[in-house]
Amino acid sequence: MPEYRRRLPHFHPSDSYVFITWRLWGSLPAKPDLTRHPTPGHAFAAQDRVLDRHASGPRWLHDPRIADIVAEAILIGEFDRRFYQLSAWVVMPNHVHLLMFPMVPVPVLMRWLKGSTARSANRIMGRTGQPFWQDESWDHYLRGSSQLNRTAAYIENNPVSAGLVCSAERWRWSSAGWQAKPPAPPNPVSPLVKM
């Protein structure tokens, strides 16, 4: 059962789905008071709603070219690299949610996902030597099928909750949107495939 610590503790049982959230560098607002919520799950959901609507800080994933890079990398991670089995995912303007069953250690797949997408996105924006993603990711392993279904619904409805679209299928940078209109297979000359 892999466990490691950076600033946050990370615990990944080898037989469980993992829900991971990671954010753009500089997109976290001041720390809110989360003590008024009855459970840590409620506190997370409330904080996520605040973060979805938070307008300060970078929103680089709102650029369709950059959102496409991240969405493509998520699919490459499953189909080409076989790092995980996807259950649900969404690319929001300032963060990403991923629900998957890992086939390799989570730090390995996250290093690849964040590193390859950061290089490609920074290239598009003409940035060099600057961070793109926050160093840390928030993760939670799921303990049962009811949690799996509830978390997948939460992820796919994130753009609706944030007021970006009226139905989950209309957000093209999510498992709901891509299932509604499947994309073409990843382009073999993509910069992500070469890395």
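Tutor: Start with contacts, defined as heavy atoms within 4.5 Å. Leaving aside residues up to four places away in sequence, Ile-66 touches Trp-60, Leu-61, Ala-121, Ile-124, Met-125 and Phe-132. This is a predicted model, in which local features need pLDDT of at least 70, side-chain atom pairs count only at pLDDT 80 or more, and totals for chains, interfaces and linings use all residues. Residues are numbered from 1 along each chain as its sequence is written, and side-chain values use heavy atoms, with hydrogens and water left out.

Student: Why is Ile-66 called buried?

Tutor: Buried means under 20% relative accessible area, exposed over 50%, and partly exposed in between (1.4 Å probe, protein chains only). Ile-66 has 0% relative accessibility, so Ile-66 counts as buried. Ile-66 lies in helix 2 (residues 64-79); helices (H or I, at least four residues) and strands (E, at least two) are DSSP runs, numbered from the N terminus.

Student: What makes Asn-94 buried?

Tutor: Its relative accessible area is 1%, so Asn-94 is buried. Asn-94 sits in the loop between strand 4 (84-91) and strand 5 (95-102).

Student: Which residues of helix 4 are buried, and why are they said to line one face?

Tutor: Gln-147, Leu-148, Thr-151, Ala-152, Ile-155 and Glu-156 are buried. Seen down the helix axis, they fall within an arc of 150°, so they line one face of helix 4; the arc is that of the directions from the axis to the C-beta atoms. The face turned away from the buried side carries the exposed residues Asn-149 and Arg-150.
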